[in-house]
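Please look over the sequence and the model first.

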Amino acid sequence: MLQFIAKRLVAGVVALFVVACLTFVLLYSTSGDVARNIMGDQASAASVAAKAHELGLDQPLMSRLSSWLWQATHLQFGTSWFTSQPVFTAIANRLPLTLTMVCVAILLIGVVATFLGVTAAVKRGAADRAVQIMAVLAASLPGYIVGIVLVLVFAIQLRWFPAISRIGPRSGAAVWVASLTLPVVALMLNGIAGAAQQIRSAFIKQLEQDYVRTLRSRGIPEREILFRHVLRAAAPAGLTVLSLQFISLLGGVVIIESIFALPGLGSLAVSATTQGDLPLVMGVVIYTVAIVVVVNLLVDVANGWLNPKVRVS
Amino acid sequence: MNAHGSEDPAEVLDDIVGHIPPVSATPARGKHLLDIVDLRVAYPTKGFLSRPVEVLHGVSVAVEEGRTMGLVGESGSGKTTLGRAVLGLAPVTGGSITFDGHEIAHASRSERRKMAADIQVVFQDPYTSLNPSMTIGDILSEPLGSQGISGAEARKRVRNLLDRVKLPVDSMDRLPREFSGGQRQRVAIARALALEPRLIVCDEPVSALDLSTQARVLDLLLEIQEQTGVSYLFVSHDLDVIRHVSHRVAVMYKGEIVEQGLSGKVTESPDHPYTRRLMLASPVPDPDQQAKRREERRAFAAKVASQLGEPAA
Amino acid sequence: MSAVVDDVSAQAEPGGLGGAVKRPGVAGRLFRNPMGTASVLLLAVIVLSAVLAGVLAPHDPARATDNVLTGPTALNLLGTDSNGRDILSRLLFGARGTLMSAAIAAVVAILIGLPAGLLAGYYGKWFDGLSSWATNILMALPGMIVLLAVRAAVGPNIYLTMVIFGVLMSPGFFRLVRTATQSVRNELYVDAARVAGLSDLSIMGRHILGVVRAPVIIQAAMVSGIAISFQSSLEFLGLGDPSAATWGVMVNDGFRNIYRQPLALLWPTLAISLTIGSFVLLANALRDALEDHVNVKEKTSASRRPATVAAVPATVAAEPVDAHLCEVRDLRIEYPQPGGERKTVVDGASWYVDRDEVLGIVGESGSGKSQTAFAVLGLLPDNALVTSGQILFEGKRTIDTASRRIDQSALTGLRGRRISYIPQEPMSNLDPSFTIGSQLVRPMTRILGISKSEAVTKALDLLSAVGIPNPKRTFSAYPHQVSGGMAQRVLIAGAISCDPDLIIADEPTTALDVTVQAEVLDVIRDLQTELHQGIILVTHNFGVVADICDRVAVMQNGRIVEQGDVRTILRHPAHEYTQMLLQSMLVGKPPLTRLMSDSATGGMK
Amino acid sequence: MSAAAVAGLSACSGDAPAGGSSASKEVVLGILQEPKSWNPAIAHVGHLLQPYQFVYDSLLLRKSDGTLAPMLATSWKYTDDAQTVLELTLRTDVTFSDGAAFDATAAKANLDHFKVANGPQAAMLQNFESATAVDAKTLRIKLKIADPAFEYYLSQAAGLMGSPAAITGKDIDLMPVGSGPYIMVKDQSVKGSQYVFTPRKGYWNPSLQKFTMVTLKLLADLTARVNAVTTGQVDATLLDATTAQQANAAGLKELSWPVDWQGLLLFDRDGKVAPPLKDVRVRQAINYALNRDALLKNVAMGAGTVTSQVFGPESGSFLPELESRYAYDPAKAKQLLSDAGYASGFDLTLPLPPGIETLLNYVKQQLGDVGIRVNLVAVPIADYQSTLGKGTYAAAWFSLFQGPTWVACNQLIVPSTLYNPFKSTTPELKALLDATQAAGAQVGEKGKAVNTYVTENAWFAPFYRVNQIYFYDSKKLKVTPQVQMAVPTPYDYEPAS
């Protein structure tokens, strides 16, 4: 088991390294004029050139990459070109909000989708069709449409929730709940039905296994078969579904944060992209991929633990 | 095998008989169409730097022209691998396979293509050995096409083949799923016959079939041998089937041949304890004879065990 | 049934495969599904309107006018945008850009994923390792974040962005094709093709591409939907190319003017949702169409659950005074077919079994022998219909004559307690996630109501009773740690753990090697001698019947053709079917001779 | 009506420290851009000046009507005829938030720092030669050459005074250290989200500390600002004409004043990239082809004034007769094109920044109607200015603020500016510019000739001066617009009493 975890960990670090190199080359090989953009229209050509030098833009790409990588091993990802803030700080300020949203959303998706998926798998018929229709609907509606509708109805018309986030550094739980309810709902809606459908398939696949019939023949009650045996056997598939959902939530949060003006990683990504703040873009990519790597590792470990073949050896 | 394998009484016995040297490995007389000498096969395993697993540990067996060599053994004995090695479908790591004087153990794909006219195969499972999306006509003309026979000539030969395996000519335009298991196995035999080969490797060709169907297919194979003089390398786990179709028989156990010789001798009065055990274990369809055989089997097991100073299972 | 009957089994195989029933192709099945038809039609309309935009559009989509953000009018059916341009015309032309983006993403993803998947699946080795590794990395990338990075690097070039998006989506195709190729590659028909001398290229072309084609189309439909969603999201965020004419740009424009004219936002979002929805529906319908024929076959082996009994009047038989342990009377089980007909798998079967007796039910595949056994257990598939007959356990009916359903309340008390079951496949009938011990203990604590420690003691006794040398080790082992023979012994131990009166053994030795089979039969026989249960042994093997059975019932096509004492049946079979079966036996036949008098020239009627 | 409810909710929800009666003196402003650094030398104009003014005092105060008033300097005057030596008398009762005292040495340090800090407005001090602290309260500034805008600059970014020790330090990027009326509450301020300010104790001019707390909330997206201000989540913010109706319906008070002019900058007056533009008739044809009234009505809902000149009414060089110099006349435009030899029109590529597509689509349409085929190429906002400066495009749209005469000349006309990428000039124009620069108090009058020259020669194709449309909750506060400035200065807000 330890060896298994170590292997996954190494694979994750290698993946992170590869993604870092590719992203760096992609981003920085085309960025020429950012100094002018930072300095504004009134700056003289000389001061623009001075800025470019200060940012190291006149260095060869590979030497910039290697120095970035070296810094990164010390958890330093440079400084934002536009806000003078260390990338580490900028992201650390925003990560809690985004992670809260994504984690709450994934937890709720996990609970609700499992409930829906299991119901659809066991009851079939109307419940099954309802989940399928919901899945099609949810897949058809891009996140921004859901977000806009929620704002218009619940914030502008009904005024139940704030239209934009009121979260500040010292906000209490009430503010967080009020500000995050709509965004989390918007995030969830897109994932829930799809996850339910996949959990349903995984559950049905397990229901059709021979051992389920044998358990029934042994007089074990249906409820115990479903929740002790089938649910556990379907859990690895369900966890994998949720880990993929998690990745897509990290993307979806970009849209939702923009609509609700939430100071999270997603809106940071958008503003950094709009401005061409490459160190920040780079940092956001690395952080999100690192989060995904960690989540995938956790899912792998959980799945390994659930699987006696891996756990016992 | 597995962590507790040695606790299985059957396998305790296996371990015991496994140490007894092979019996009567006398080379077969007559003209050898196929000569396998000291063949070793090892499959690569998953994972970096992990060692390949050897499944055949130096097997020597020969097939005479126009005759059938029966290869019998239980699961994991390597009998199927031996057949696949002859067909070029298993990685040969040592020894030689000589067909009609030519070494073919390491033949290239293009050499194999030339050989396709001489060596053919009938597989065990008639459900997966035919491509479900191709018509019978397409399936049968596939080997013809690879040897450059197509068009009207191919259709004529396909018609003849169907006739020979006693399937109606209108089968040509149908899909495998419209046929029963026995009919499909006839298609598979027809495909093997398409290029008029000199050797057909029959890999458990009747073990997926019902009793009556099995009889008909065996009859068909015998009839074809009489008519065409084709040789069979006949692989099966069923001693009765092997006895019925083979001129010579080789018994395999854990990747080695423990006994080989004339069919009557090996299957009726075997010398090697494993063969004897195999023989005594296969039940006869008469209650009283079977009761007698059962007693013999128990007595034999007790004898083997006491010879080795261990209690009978 | 058909002109091509040569095997007895042909008439009775699941799914009625003996005949020449032409089933519709995937396309036919797709259009039979209303969702499939609707999605194809809708997509056709969308694609056509994009192609014919020049003809259909009432206005020049680029023509800016002074009628800014009007609602629907006679002149502008859907109103105008912030440039006073006709929204309907822009929707028609915008479909081009949006569909093109989707097509680019899908095509790029296929161009990367398909060949890579084929190569990795077919040849494996280092390429498989490398490409799977790259795939895992790609799949760990959150798409939106990567697209933002791409946008930061290359600017608002929507088509280039979609190319990158295609790369991000390629793992889906890669995995799909690789898995399909790997499974097809291991199919015997591919081996046969190689033996027939086909080159790798023609094997891929003939055998593999055909298999991956439909799943690739499904995936392409999904990816197209996702691509439209992502592309319009980028444009919504204002990161698109504002000079491009796509629906996403229209959404952006509409959103900026949401308070002046909400309809300007509604139309493009509607178009986007409908298009994505059509792609999703198309993918679902295609998947259903592909799985259709598999379903028909699988249903018979699907989860064994209480079956519904159709409302057919019962021939109520008089209750016998001294009841058999278990008796089946005139049992008829049918399955509805897709066409509306019903397939009869058990056709009026009657037999009984008493305590201290082994009844062998023998027959070939499809004879209905297993179905009968599952009916006794009350574990028929959901869609099974018990259209007539009765099953009596100690004279007690387990089919409720009033509601014509299997009386689950009666069976719940019997199943596990009085009636138990030994399955065919030892490995798949143990839950891999639980130790063997816990799977033995739980039914005992539940059914017998004994304490856990008592149950553990009893389980260890049982394991040694079925001939397992080291019960403690096996008790704490997981199923994957024991051999097939051991697993079957565990299942037998489980079957006798609650001291049942009737054991139903469904081909209990078929999956085992012959030497193991002999030993497992010994175990069953010894236990029965000791405990005196009644056993129903379902098998196709007359040798097994001779070894263990007291009485035999021979089944063919759902009917019992003959039953009686084992010696009588085996030595003097009365029915020609039994005679034919015994004639097919190889034991005692001279080698290298024909077995059947009508050898290979035709079939039984 | 619900603003009070929301405000109450905000007060009890922990956003603000418990304030009791003072709660009504808290204000939340929605801002469009945030400072890149709190270094005062990095300050800009408009949106990127306002945040600095909460924490930094400037040497001179520019009042809402544009006139200059004493601030840290109580008086100032040029002491020579050539207008190159400026002497300021400074306050002596001012300290910075780190405790350091403000004096002439500190002021000199700030000017020297601004000159070298390479900020976006560094050009403000391009004519600054040196500063001398004559005594603690007297600062003497020497200019290389007369600069009529210099006093104005001292009320803007160049005049912001930070603590001399802090401005050269590393922490200044993230934490301002000034002498201003407020100090930033660091642990409640989050880059990219919000900045919180509270009044500074012992500030020399408590009358400027009108609020107990000021929160600047960054809301770059217009719709988010509308949602925020109409639901009472912010008390005042900048909207635009298209969203005004929604804000008015919510009962908010509207302010409207002209600041920026928008139009095409016809850079390529020498025909280097687009040869047709070399001909003045072609440039005039572009001007005649534009239906400015339609543009203003369709794009800005009429909230602005059409114009043909780039100098604003408050610049000093404004000429009323030039307002409609190029009235909409497509026939004349075609005639001029034909005269110039482009009867069948020509192709013109314009860069298209995001968000401007509505306007430029109309421009494309109108120019297309006279035969000029416009091709719009999307350019990300991040690259837009640098793209213009590189001379890739012969012409480009822009929206620029209308400063005083010399500010405008420096921004738009002199060869060294970014907005003159082809460095076009003529001897005649050069003479006019030189005269303006040296005109001292007469700068506005002299500038009129420059205005006339660039208008007649169609250096630009202005559309209109667009109104800034600012909304605030009049129940909570009162706001006065700042002339020529995109948003009001902090001094322009006061509680609703």
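Chain A is assigned domain 1 (2-72) and domain 2 (93-312); such bounds come from an automatic or database domain assignment. This is a predicted model, in which local features need pLDDT of at least 70 and side-chain atom pairs count only at pLDDT 80 or more, while totals for chains, interfaces and linings use all residues; pLDDT is the predictor's confidence in each residue, from 0 to 100. Residues are numbered from 1 along each chain as its sequence is written, chains are lettered from A and ligands numbered from 1 in the order in which they are written, and side-chain values use heavy atoms, with hydrogens and water left out.

| Item | Value |
|---|---|
| Distance between C-alpha centres | 32 Å |
| Buried area | about 1400 Å² |
| Share of buried area on carbon and sulfur atoms | 84% |

Buried area is the accessible area (1.4 Å probe) that two parts lose on being put together, summed over both. On the side of domain 1 of chain A, A:Phe4, A:Leu16 and A:Leu27 lose the most area to domain 2 of chain A, together 33% of what that side buries.

Between domain 1 and domain 2 of chain A there is 1 salt bridge (a side-chain nitrogen of Lys or Arg within 4 Å of a carboxyl oxygen of Asp or Glu). A:Arg8 and A:Asp300 form a salt bridge through their side chains, at 2.9 Å from N to O.

For the complex, the predictor gives an ipTM of 0.81 and a pTM of 0.82.
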